[in-house]
Amino acid sequence: MARLGFFVLVFSVFYLAGIAASASTTALTPREYIVASCKATRYPALCVEYLSGYANAIRKNEQHLAQTALSVSLSRAQSAAAYVAKMTHVRGIKPRERQAVKDCIENMGDTVDRLSQSVKELSHMGRAGGEGFMLHMSNVQTWVSAALTDENTCLDGFAGRVMDGNVKVAVRRRVVHVAQVTSNALALVNRFAARHRAAIPSEKP
């Protein structure tokens with residue numbers, strides 16, 4: 001009997017906590033929801049800057065938030081990839097710099113491909129639940145993580161003082177920015193996955 005009372009108490013605590021969290025989210029304005037959600041990212045100010053303009057479209061929905069963050073990351077990656085591609089034609093570029101730029105073009109191309117896959121995968125989830133949801137989310141998390149790795153690999157190609165110069169500065173400025181936006185998107189995807197996973201009832205063996 002005492003054990004039953006304990007379980008009732010635990011259930012009540014979690015139930016009330018859930019109501020409080022829901023009420024807290026409901027009380028937030030769309031922009032306040034963005035600000036609160038971006039606290040889970042590594043670059044919250046950048047997160048708010050890029051997502052607050054979509055606050056009304058996101059409608060305080062975690063999937064919409066993750067989807068928008070991925071779309072923004074994809075857009076920035078496409079822009080950076082196009083910019084880096086032009087760097088091979090910079091006057092006076094050194095052979096070592098040209099090779100690093102070519103490698104970066106490949107890395108950024110892979111980034112765009114993986115982020116495109118992620119955007120499509122998340123948009124096609126629909127009403128998937130349970131194992132179906134986790135399979136889709138696992139794919140998205142893997143691809144976004146790989147995109148972030150590609151971006152960092154591009155930056156690694158310009159490491160060292162021997163690569164110092166205008167080309168390195170220009171490429172790093174664009175790619176570091178994309179890496180930060182992608183990092184934020186991954187954080188919001190992971191947050192969405194973790195919260196949804198916690199809400200899925202565990203199956204009995």
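**Notebook: disulfides and ring contacts**

I worked on a predicted model, in which local features need pLDDT of at least 70, side-chain atom pairs count only at pLDDT 80 or more, and totals for chains, interfaces and linings use all residues. Residues are numbered from 1 along each chain as its sequence is written, and side-chain values use heavy atoms, with hydrogens and water left out.

**Entry on disulfides**

I searched the whole structure for disulfides and recorded two; the term stands for a pair of cysteine sulfur atoms within 2.5 Å.

I began with Cys-38 and Cys-47, which form a disulfide with 1.9 Å between their sulfur atoms. I noted a torsion of about -65° about the S-S bond of Cys-38 and Cys-47, so this disulfide is left-handed. I then looked up accessibility, where buried means under 20% relative accessible area, exposed over 50% and partly exposed in between, with a 1.4 Å probe and protein chains only. Cys-38 has a relative accessible area of 0% and is therefore buried. Cys-47 has 3% relative accessibility, so Cys-47 also counts as buried.

I turned next to Cys-104 and Cys-154, whose sulfur atoms are 1.9 Å apart in a disulfide. The torsion about the S-S bond of Cys-104 and Cys-154 is about -75°, and the disulfide is therefore left-handed. This pair links distant parts of the chain, 50 residues apart, with Cys-104 in helix H6 (residues 95-123) and Cys-154 in helix H7 (residues 130-156). For such elements I used DSSP runs numbered from the N terminus: helices are H or I of at least four residues, strands E of at least two. I recorded both Cys-104 and Cys-154 as buried.

**Entry on aromatic rings**

How many aromatic pairs does the count come to? I recorded one aromatic pair. Phe-133 and Phe-192 form this pair, edge-to-face, at 5.5 Å centre to centre and with 85° between the planes. Phe-133 lies in helix H7 and Phe-192 in helix H8 (residues 166-199), so the pair ties together parts 59 residues apart in sequence. Rings of Phe, Tyr and Trp (its six-membered ring) pair if their centres lie within 6.5 Å; planes under 30 degrees apart count as stacked, over 60 as edge-to-face and the rest as tilted. I noted Phe-133 as buried because its relative accessibility is 1%. Phe-192 is buried as well, at 7% relative accessibility.

**Entry on a charge over a ring**

I found the charged end of Arg-174 over the ring of Tyr-83, 3.9 Å from the ring centre. A charge sits over a ring if NZ of Lys or CZ of Arg is within 6 Å of the ring centre and within 35 degrees of the ring normal.
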